[in-house]
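Please look over the chain shown below before reading on. The notes that follow take it topic by topic, beginning with a single pair of residues.

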Amino acid sequence: MHDHSRRAVLGAGIAVAGSGLLGACSPSGDEYGMDNSGLGGNAGPAAATPSEYISPYGPEVREREDQRGPGPVRRLQLTATATTLDLGARKVKSWAYEDQVPGQALRVTAGETLALTLVNQLPQPTSLHWHGIRLRNDMDGVPGITQPPIKTGTAHDYHFTAINPGTYWVHPHSGVQLDRGLYAPLIVEDPKEPLKYDKEWIVVLDDWLDGVGGRTPDKMLRQLNGGRPMAHGMDHGAAGAPAGGAAGGPASGAAGMVAGAASGTPLMLRHGAKPSPSPTPTPTRTAPPRLLGGATSGLLGGDAGNIAYPYYLINGRTPDSPQVFRAKRGDRIRIRIINAGGDTAFRVALGGHKMTVTHTDGYPVKHRTTDALLLGMGERYDVLVTAESGVFPLAALAEGKKRSTLAVLHTSGKGAKKFKRPKELDGKLVWAAQLKAAESVRLESRPPDRTIRMRLTGSMRKFDWAINDRPYDPSQRYPVRAGERVRLTFINGTDMWHPVHLHGHTYQLPDGGPRKDTTILLPHRKVSVDFDADNPGLWMVHCHNVYHSESGMMTILGYQK
């Protein structure tokens with residue numbers, strides 16, 4: 001293992017704590033919980049791996065990494081800490097990387113070896129998952145399965161070769177920590193980048209409740225599931241249509257204006273004016289219920305989500321104090337869009353512009369022009385736009401929740417600017433099932449060697465989410481073997497949509513569809529996806545609504561020896 005003791009971190013870590021995010025490139029060469037194996041704090045993954053399955057620490061994993069080849073080493077450091085964050089509308093106490101949300105973008109070039117040290121200064125154990133990355137299994141960041149939890153006051157080293165360029169992100173895989181401020185973009189640059197563009201804009205979408213009126217994600221989960229322990233064992237006590245089915249048109253009940261996050265009033269952005277001072281953090285008090293009732297979306301096939309969040313953010317900002325991205329008229333801009341939310345799908349459009357979709361979940365697609373996109377939690381899309389002259393809202397509608405947020409593209413002009421709801425939000429919408437994989441990444445056509453059926457089960461009333469009627473059990477395995485073409489058939493037997501995520505691989509949607517690692521599955525629909533079993537180890541499959549996964553909707557694919 002590559003863990004550092006509390007003494008090492010605290011003794012040598014005064015500089016570590018204050019160093020922030022570091023980067024270098026060199027030549028190659030009871031807020032406390034348990035891990036999700038139920039084996040205790042220091043239990044390693046090998047202890048949880050039956051003998052017939054490949055261990056995350058097995059020689060097969062090392063051999064696969066050796067085949068990828070070592071590259072120049074990119075060294076980074078990340079510190080997870082409790083902090084106060086300025087969201088624009090207010091300040092909140094939460095957890096974040098390097099005292100900011102989102103965390104600073106991590107960048108590496110495909111072929112390089114990423115060596116990152118995560119320092120844990122949080123009041124509970126944590127981890128770091130590399131969402132969408134095809135990496136060695138022992139670096140996947142799932143406590144109790146691929147590593148022990150990273151204890152408070154210690155650090156953990158991650159190192160792997162990044163082989164696939166694209167837009168990815170990092171977040172914990174520990175309880176509901178994802179729904180705090182613990183997330184950051186991860187960009188794997190293509191050394192032979194085929195796209196031509198002048199500027200890049202990373203856009204991270206989020207729904208926010210942590211630190212507002214005494215709320216925390218842990219309290220929200222207990223409210224939703226009646227206090228049952230989390231699937232990850234971290235029961236803290238204290239403190240057109242998406243893939244899988246047809247859809248109706250745009251949700252009819254959405255607000256007619258881009259609204260301020262804390263109210264239903266139209267947003268007025270006085271562009272260029274100094275923002276008013278942010279208020280101090282609100283004292284903790286008992287929060288009223290934030291459960292969502294009556295929120296529906298035709299695009300999502302019914303219920304839109306479980307939680308009415310007090311704020312929706314783009315790049316950590318509420319819409320009354322948005323991020324402003326500056327460019328020149330005629331600039332070609334690559335926008336990398338990441339949905340880091342816990343319970344919200346976002347419909348995204350740039351007012352006054354068409355978007356050309358070039359990638360989804362890191363992989364190139366045949367280019368497709370659209371007015372708007374729909375992103376489930378965990379999904380990413382890359383688009384190209386050519387900037388017009390003026391000031392334009394990049395609007396993100398919390399699908400079915402009748403709330404919005406925005407950022408601003410500024411190329412010319414000044415003074416007060418009042419944004420109406422961009423007509424593009426109700427225009428042509430592209431979703432994953434309409435896209436086709438680029439020829440360079442399309443899987444070779446062949447019948448599956450193995451088909452695994454996973455039925456998503458449970459209900460909003462009982463909050464008993466599961467796969468094949470079985471809530472998460474870290475000892476369960478769905479077997480695969482190296483070299484197989486595996487077909488996963490996801491069947492949604494519930495009344496709610498789910499974004500289904502597979503670790504360590506990308507699958508292909510039917511009929512030459514895009515390569516994905518996260519896919520929206522509508523209620524009472526099914527989708528079959530194929531992937532090549534070429535990355536040995538133990539890999540999670542789960543709903544990327546963090547409240548569903550932590551209530552039981554996840555399982556494990558295991559490579560047999």
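Which residue in β34 is the bridge partner of His501? In β34, that partner is Thr518. This is a predicted model, in which local features need pLDDT of at least 70 and side-chain atom pairs count only at pLDDT 80 or more, while totals for chains, interfaces and linings use all residues. Residues are numbered from 1 along each chain as its sequence is written, and side-chain values use heavy atoms, with hydrogens and water left out.

**The chain as a whole**

- The chain holds 4 helices and 37 strands, where helices (H or I, at least four residues) and strands (E, at least two) are DSSP runs numbered from the N terminus.
- Of its 561 residues, 62% count as buried; buried means under 20% relative accessible area and exposed over 50%, with partly exposed in between, using a 1.4 Å probe and protein chains only.
- The chain exposes about 19,800 Å², of which carbon and sulfur atoms supply 51%; these areas come from the Shrake-Rupley method with a 1.4 Å probe, and for residues only the protein chains shown count as cover.

**The sheet that contains β34**

- Five strands form an open sheet with mixed pairing, in the order β29-β37-β36-β31-β34; two strands pair if DSSP finds at least two bridges between them.
- The edge strands of this sheet are β29 (478-480) and β34 (518-521), each of which pairs on one side only.
- Neighbouring strands here are turned by 25° against each other on average, direction ignored; the axes are lines fitted to C-alpha atoms, for helices over the stretch in contact, and angles run from 0 to 180 degrees between N-to-C directions.
- Strand β31 (residues 498-502) and β34 pair in the antiparallel sense over 4 bridges.

**A second open sheet and a nearby loop in sequence**

- Four strands form an open sheet in the order β5-β10-β9-β7, again with mixed pairing.
- Its edge strands are β5 (106-109) and β7 (129-131), since each pairs on one side only.- Strand β9 (residues 166-171) is joined to strand β10 (residues 184-189) by 5 bridges, and the two run antiparallel; Val170 has Ala184 as its bridge partner in β10.
- Pro143 is found in the loop between β7 and β8 (155-161), and at 3% relative accessibility Pro143 counts as buried.
- Pro143 and Pro172 lie 29 residues apart in sequence and 9.5 Å apart in space, C-alpha to C-alpha.

- In strand β24 (residues 403-410), 8 of the 8 residues are buried, so the strand is largely enclosed by the rest of the structure.
- Arg403, Thr405, Ala407 and Leu409 point one way from β24, whereas Ser404, Leu406, Val408 and His410 point the other way, and all are buried.
- Strand β16 (residues 324-326) runs parallel to β24 and is joined to it by 3 bridges, with Arg326 having His410 as its bridge partner in β24.
- Strand β23 (residues 391-398) pairs with β24 in the antiparallel sense over 8 bridges, and the bridge partner of Leu394 in β24 is Ala407.
- The hairpin of β23 and β24 has 4 residues between the strands, and Gly400 in this hairpin takes a positive phi near 80°.

- In helix α2 (residues 59-68), Val61, Arg64, Glu65 and Arg68 are buried.
- Seen down the axis of α2, these buried residues fall within an arc of 100°, so they line one face of the helix; the arc is that of the directions from the helix axis to the C-beta atoms.
- On the other side of α2, Asp66 and Gln67 are exposed, and what covers the buried residues of α2 includes β8, contact meaning heavy atoms within 4.5 Å.
- In helix α3 (residues 217-225), the buried residues are Pro217, Asp218, Met220, Leu221, Leu224 and Asn225.
- Those residues cover an arc of only 160° around the axis, which puts them on the same side of α3.

**Nonpolar cores**

- The largest nonpolar core has 134 residues, and those with the most contacts inside it are Trp130, Tyr547 and Leu557; such a core is a set of buried Ala, Val, Leu, Ile, Met, Phe, Trp, Tyr and Cys residues joined through side-chain atoms within 4.5 Å.
- Not counting residues up to four places away in sequence, Leu557 touches several residues, among them Ile452, Met454, Tyr478, Phe531 and Trp539.
- A second, separate core of 8 residues includes Ile145, Met540, Met554 and Ile556.
- In soluble globular proteins, nonpolar side chains tend to be buried together.
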